[in-house]
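Here is a short briefing on one protein chain. Keep the sequence and the 3D view open while reading.

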Amino acid sequence: MNSKDNNKIVKENNKEVLIDEKVEFLEVYNLILSHRQKVASTINNESITMIWNVGQYVSKKLKNSEWGDGVVRQLSEFIRQQDPTSRGWSYRTIYKMVQFYETYSRKEFCSIIEQYKVVYSIDSQYMQTNTFMPFEMAQNESNVIMPFEMAQLPQVLYATGWTNHQLILNRCKSDEEKLFYILYAGHEHLQNKELERAIKTNTMSSLLDSGKIQTDRLKEIYPQSQVLFKDTAYLDFLGLPQKYKESKLRKDIVSHMKQFILELGKDFLFIDEEHKVTVGSKDFKIDLLFYHRALQCMIAFELKTTEFKPAYLGQLEFYLEALDQEEKRSNENPTIGILFCKESDKEVVRFALNRSMSPLMIMQYKEQLKVGSVIQRSLVEFCNYINQESVQADNNK
C-alpha cells in the first residue's frame with residue numbers, strides 16, 4: 001500500500017507533501033524561527049526603548065517652552081549631519097516619537113493596562129494576563145501611577161515594532177483599540193501591511209464578536225475558538241464579478257490561497273479542494289479542507305454564495321461526522337465546520353445554531369473591503385486567551 005494512503009496530503013506550491021512530514025518540517029522551521037525572533041526581539045526592544053527616551057526628552061523640552069518647532073527641525077538636521085547614513089530622523093518622525101511617549105505615558109492608558117492586568121514579559125516574550133478584575137479593584141490594588149514626568153515605559157509596548165506602532169497611533173482612536181492591536185500584532189507577528197489590513201477590516205470587532213455565530217459545542221470543545229476565528233472575512237483580493245457560482249468562488253480562493261489564509265489566520269494549512277469522502281456506496285465532496293495547527297484538527301469549509309439558510313447546516317454536520325469517523329486520527333481533535341456565506345441574519349443564525357450538537361460556526365464574507373471604525377469592546381476574552389497560551393508555554397518548558 002502506498003504510504004500516501006495512510007496520510008492526509010497537503011498541497012504546497014503545486015506539490016504534494018504528506019501531512020506527517022509537514023508537521024515535522026514545521027518543527028524544524030519553528031526552531032529556526034524562534035532563534036530569529038529572539039534576535040529580532042532584542043533589536044526591537046532596544047529600538048522601542050530609544051524611541052521612548054527620545055520622545056520623553058523632546059516632550060519635556062516642548063512642554064517647558066524650552067524648545068519650539070524650529071529647534072526640533074534643527075535637531076533632525078544635527079542628527080543627520082552626525083551620521084549621514086542614519087534614516088528615520090526627520091522632524092516629523094521625532095514628533096511621532098513625542099506622540100508615542102505622550103500617548104502611552106498618560107494615566108488613562110496606564111489605567112487600561114491595570115484594568116486588564118496586561119503584563120508583557122521581555123524574558124519569555126509571552127504576553128501574560130492575570131485574572132480579570134474590575135477597574136475599581138485594579139485601582140485599589142495598584143501602586144499610585146507615577147506623574148507624567150516620571151512615567152515609565154509600559155512593557156507591553158515591546159510586543160510589536162516601531163512601524164506598527166506608528167500605524168496604530170494614526171489609525172486607532174481609543175486606548176482599548178490601541179492596546180488590542182498592540183497585543184494582536186505581537187501575538188500574530190504581523191507585518192505592517194498585515195496589521196493595516198487587520199485594522200481596516202475591523203479585526204477587533206470581528207474576533208471579539210465571533211462567539212455569537214458559534215455553536216455551544218464548538219465553544220465547549222475549543223474555548224479559545226472565540227478569539228481564533230473571525231465572524232467576517234473580506235475577499236476583495238479575489239476581484240469577484242457581480243454574479244458567480246460556488247465553483248468560481250472555490251477556484252478563486254484556491255488560486256489566492258496565501259491571501260485567504262492570511263485573512264483567516266496563520267494557523268490554517270490547506271489540505272484539499274472538493275475533498276472526497278465516501279459514506280456507504282456514495283461519494284461526497286467537501287468544498288475546502290484545512291488543518292489547524294493550534295487546535296490540531298481538520299476544518300471543513302462549505303461555501304455558499306447566498307444568504308445563510310438553516311438547511312445548509314445539515315449538509316455540513318454530515319460532512320463533519322464523515323470526517324471524524326473515516327479520517328480523523330486518534331491524536332487529532334474533532335473536526336470543525338465553517339459555513340461560509342455571503343450574508344447572514346443574526347437572529348436566524350442564533351435560532352439555527354441553538355440546537356446544533358456539532359462544533360461549527362457561520363462565517364460571512366464580504367466581496368469588497370469597507371473601512372469602518374472599530375467599536376470599543378471588552379478585551380477580556382483576548383487577554384484570557386493569551387494568558388492561557390503563556391501558561392501552557394511555561395508548562396512545556
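This is a predicted model: local features need pLDDT of at least 70, side-chain atom pairs count only at pLDDT 80 or more; totals for chains, interfaces and linings use all residues.

The chain has 397 residues, and 47% of them count as buried. Its secondary structure comprises 15 helices and 10 strands.

**Overall makeup**
- Contacts between residues 24 or more positions apart make up 66% of the chain's contacts with a separation of 6 or more.

**Nonpolar cores**
- The largest nonpolar core holds 56 residues. Within this core, F260, F290, F301 and F340 touch the most other members.
- Helix α13, residues 312-326, gives the most to this core. Its share is seven residues.
- F260 is in contact with L235, F237, I253, F290, F301 and F340, leaving aside neighbours within four places in sequence.
- A second core is separate and has 44 residues. V58, I113, Y158 and Y184 are among them.

**Helix α6 against helix α8**
- Helix α6 spans residues 162-171, and helix α8 spans residues 192-200. They pack at an angle of about 20°, with axes 9 Å apart.
- Angles under 35 degrees count as roughly parallel, so α6 and α8 are roughly parallel to each other.
- The crossing of α6 past α8 is right-handed.
- From α6, the contact uses T163, N164, L167, I168 and R171. From α8, it uses N192, L195, E196, I199 and K200.
- By class, this contact of α6 with α8 has four nonpolar, three polar and three charged residues.

**Helix α3 against helix α6**
- Helix α3 covers residues 91-104. α3 and α6 pack at an angle of about 70°, with their axes 11 Å apart.
- The range of 65 to 115 degrees counts as roughly perpendicular, so α3 and α6 are roughly perpendicular to each other.
- On the α3 side, the residues are T93, K96, M97, Q99, F100, T103 and Y104. They meet W162, H165, Q166, I168 and L169 in α6.
- This contact of α3 with α6 divides into six nonpolar, five polar and one charged residue.

**A residue on helix α13**
- Q325 lies in helix α13.
- Is Q325 buried or exposed? Q325 has 57% relative accessibility, and exposed means over 50%. Q325 therefore counts as exposed.
- Q325 and V279 are 46 residues apart in sequence. Their C-alpha atoms are 9.9 Å apart in space.

Notes. Residues are numbered from 1 along each chain as its sequence is written. Side-chain values use heavy atoms; hydrogens and water are left out. A nonpolar core is a set of buried Ala, Val, Leu, Ile, Met, Phe, Trp, Tyr and Cys residues joined through side-chain atoms within 4.5 Å. Buried means under 20% relative accessible area, exposed over 50%, partly exposed in between (1.4 Å probe, protein chains only). Helices (H or I, at least four residues) and strands (E, at least two) are DSSP runs, numbered from the N terminus. Contact means heavy atoms within 4.5 Å. Axes are lines fitted to C-alpha atoms, for helices over the stretch in contact, and angles run from 0 to 180 degrees between N-to-C directions. Angles under 35 degrees count as roughly parallel, over 145 as roughly antiparallel, 65 to 115 as roughly perpendicular and the rest as oblique. A crossing is left-handed if the near helix is turned anticlockwise from the far one by less than a right angle, and right-handed if clockwise. Ala, Val, Leu, Ile, Met, Phe, Trp, Tyr, Cys and Pro count as nonpolar, Asp, Glu, Lys and Arg as charged, and the others, Gly among them, as polar.
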